[in-house]
Amino acid sequence: MSRTLLGVYLNDHLAGAMAGVELSRRLVRTEGEWAGNGKLERLAEEIEQDRAALLEIMAALGEPVRRAEMWTGWLAEKVARFKLNGRIVNRSPLSRLVELEAMRLGVEGKVAGWRTLRARATVDPRLDSAKLDELITSGRSQITRLERLRARAAEELFGAGEDSLDA
């Protein structure tokens, strides 16, 4: 099976999508109550829907899913749980902030991918421009919501004074 540059690109985004789905699920479990009102649950659902949309796009373009690359994203998220954040057994107060920042960065990358595909849609009739516009708009909304949560987490962690900087 030959590899196209587009196929490599899409599979790289799929690996990121796998990591994003896993991280969003973990945030729901660990921070859902903190975020309140089902905010993280809705984000996780949307991120899973975006991964499904990417798979549909890949199928429409005839680009095969490279399972090894897809599972690399899943594994990367698992390995990222072992970050050096001052705690070994218990969840660090930094975890919430770092994970929200990681989610935001991931969604920024996803939106960049949608924009790339949107540009290609002008010359490739297999791509649905309207659907890509919806995905871009949804991604921008996800970024806004994640930024609100990230800013709140940063304020709670570091905005209360020097005591909050101690591990």
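Residues are numbered from 1 along each chain as its sequence is written, and side-chain values use heavy atoms, with hydrogens and water left out. Because the model is predicted, local features need pLDDT of at least 70 and side-chain atom pairs count only at pLDDT 80 or more, whereas totals for chains, interfaces and linings use all residues.

The secondary structure comprises 5 helices and 0 strands, where helices (H or I, at least four residues) and strands (E, at least two) are DSSP runs numbered from the N terminus. Along the sequence the pattern reads α-α-α-α-α. Of the 167 residues in the chain, 40% are buried (under 20% relative accessible area; exposed is over 50% and partly exposed in between, with a 1.4 Å probe and protein chains only). Among contacts (heavy atoms within 4.5 Å) with a separation of 6 or more, 78% involve residues 24 or more positions apart. The chain exposes about 9500 Å², of which carbon and sulfur atoms supply 58%; accessible areas come from the Shrake-Rupley method with a 1.4 Å probe, and for residues only the protein chains shown count as cover.

With residues up to four places away in sequence not counted, Ile-57 touches Trp-114, Leu-117, Leu-127, Leu-132 and Leu-135.

The buried residues of helix 4 include Leu-100, Met-103, Trp-114 and Leu-117, and their cover includes helix 1, helix 2 (39-61) and helix 5. The N-terminal end of helix 4 is capped by Ser-92, a side-chain oxygen of which lies 3.0 Å from the backbone nitrogen of Leu-94 (a polar contact is a pair of N or O atoms within 3.5 Å; within protein, one must be able to donate a hydrogen and the other to accept it, and residues adjacent in sequence count only if both atoms are side-chain atoms).

Asn-11 is placed in helix 1 (residues 5-35) and counts as buried because its relative accessibility is 1%. A polar atom of the Asn-11 side chain lies 2.9 Å from the backbone oxygen of Gly-7. Pro-125, by contrast, is found in the loop between helix 4 (93-120) and helix 5 (129-158), and its relative accessibility of 79% makes it exposed.
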